[in-house]
Amino acid sequence: MEINYLSINNKLKEYGQEHLLKFYNELNEIGKQELIDNILNVDFEQMKMLYGNINNKQEEGEIGQIPYINKEELSREELNYYNKIGIETIKNGEYAVVTMAGGQRNKTWTYRA
């Protein structure tokens with residue numbers, strides 16, 4: 001069954017995602033079909049629900065700078081030590097997310113739960 005551009009665009013408008021078709025007319029026929037297939041595989045209702053849950057969830061805690069280690073000042077043994085910690089942390093399904101502003105590229109941030 002062929003899905004046309006208008007029906008896809010209408011579906012996307014329901015979720016404020018019509019920008020996904022911005023370059024549709026610049027694609028060849030294969031690219032157009034791949035884009036449509038990808039869009040059809042997205043569960044927009046679930047995405048909307050998940051996004052709503054994130055926005056409604058309030059976390060307790062404090063946002064602030066965490067201690068850092070300057071990677072350039074570490075010995076080879078120290079680098080190996082921290083790499084092992086990182087690998088074990090990932091293997092255990094644990095992780096931390098750190099967002100840095102410009103000028104922070106020389107800092108290595110570590111977090112221990």
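Predicted model: local features only at pLDDT ≥ 70, side-chain atom pairs only at ≥ 80, totals over all residues.
Visitor: What makes E88 and K91 a salt bridge?

Guide: Their closest N and O atoms are 3.9 Å apart, and a salt bridge asks for a side-chain nitrogen of Lys or Arg within 4 Å of a carboxyl oxygen of Asp or Glu. Residues are numbered from 1 along each chain as its sequence is written, and side-chain values use heavy atoms, with hydrogens and water left out.

Visitor: Where do E88 and K91 lie?

Guide: Both sit in helix α4, 3 residues apart, which is about one turn of the helix. Helices here are DSSP runs of H or I with at least four residues, numbered from the N terminus.

Visitor: Why is K91 called exposed?

Guide: Because its relative accessibility is 63%, and exposed means over 50%, buried under 20%, and partly exposed in between (1.4 Å probe, protein chains only). E88, with 41%, is partly exposed.

Visitor: How many salt bridges does the structure hold?

Guide: There are 2. One of them joins the side chains of E29 and K32, at 3.7 Å from N to O. These two lie in helix α2 (residues 29-40), 3 residues apart.

Visitor: Are E29 and K32 buried or exposed?

Guide: E29 counts as exposed at 59%, while K32 counts as buried at 15%.

Visitor: What makes Y5 and Y24 a tilted aromatic pair?

Guide: The structure holds 3 aromatic pairs. In one of them, the rings of Y5 and Y24 are 4.9 Å centre to centre, with 50 degrees between the planes. Rings of Phe, Tyr and Trp (its six-membered ring) pair if their centres lie within 6.5 Å; planes under 30 degrees apart are stacked, over 60 edge-to-face, and the rest tilted. So this pair is tilted. Y5 lies in helix α1 and Y24 in the loop between α1 and α2, so the pair ties together parts 19 residues apart in sequence.

Visitor: Why is the pair of Y81 and Y82 called edge-to-face?

Guide: Their ring centres are 5.1 Å apart and their planes stand at 75 degrees, so the pair is edge-to-face.
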